[in-house]
Amino acid sequence: MIITEKPEAIADAIMIELDRGVTFLYGQGAYTKNNRKVIYVVITMRQVSRIKELTLDIDKNAFFIISDAREVTGEGFSHH
């Protein structure tokens with residue numbers, strides 16, 4: 001998950017450079033009450049450093065949440 005002030009630009013970069021689909025989740029800051037788009041994307045471990053680089057080139061203040069997924073199935077991921 002990526003929280004940023006520039007969600008569209010980062011989503012475009014991920015889709016173009018990493019060929020990954022991106023989903024926008026909608027959230028609201030509890031303190032600021034500001035609405036914002038949160039980027040949700042599933043990537044491989046090999047893509048973690050590249051997605052950080054792409055994101056931070058666009059928004060040096062972006063906030064990342066990286067977690068492991070037990071299983072991912074669907075286009076772009078192998079079926080086990």
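**Ground rules.** I am working with a predicted model, where local features need pLDDT of at least 70, side-chain atom pairs count only at pLDDT 80 or more, and totals for chains, interfaces and linings use all residues. Residues are numbered from 1 along each chain as its sequence is written, and side-chain values use heavy atoms, with hydrogens and water left out.

**Entry 1: the elements.** I looked up the helices and strands. The chain has two helices and four strands. These are DSSP runs: H or I with at least four residues for helices, E with at least two for strands, numbered from the N terminus. Along the sequence I read β-α-β-β-α-β.

**Entry 2: the helix pair.** I checked how α1 (residues 7–18) meets α2 (residues 48–58). They pack at about 145 degrees, and their axes are 10 Å apart. Axes are lines fitted to C-alpha atoms over the stretch in contact, and angles run from 0 to 180 degrees between N-to-C directions.

Which residues of α1 and α2 make the contact? From α1 I listed Ala-9, Ile-10, Ala-13, Ile-14, Glu-17 and Leu-18. From α2 I listed Arg-50, Ile-51, Leu-54, Thr-55 and Ile-58. Contact means heavy atoms within 4.5 Å.

**Entry 3: the whole chain.** I noted the box that the C-alpha atoms fill: roughly 45 × 25 × 15 Å along the principal axes. Of the 80 residues, 25% are buried (under 20% relative accessible area, with a 1.4 Å probe and protein chains only). I then took contacts between residues at least 6 apart in sequence: 54% of them join residues at least 24 apart.

Notes:
Buried means under 20% relative accessible area, exposed over 50%, partly exposed in between (1.4 Å probe, protein chains only).
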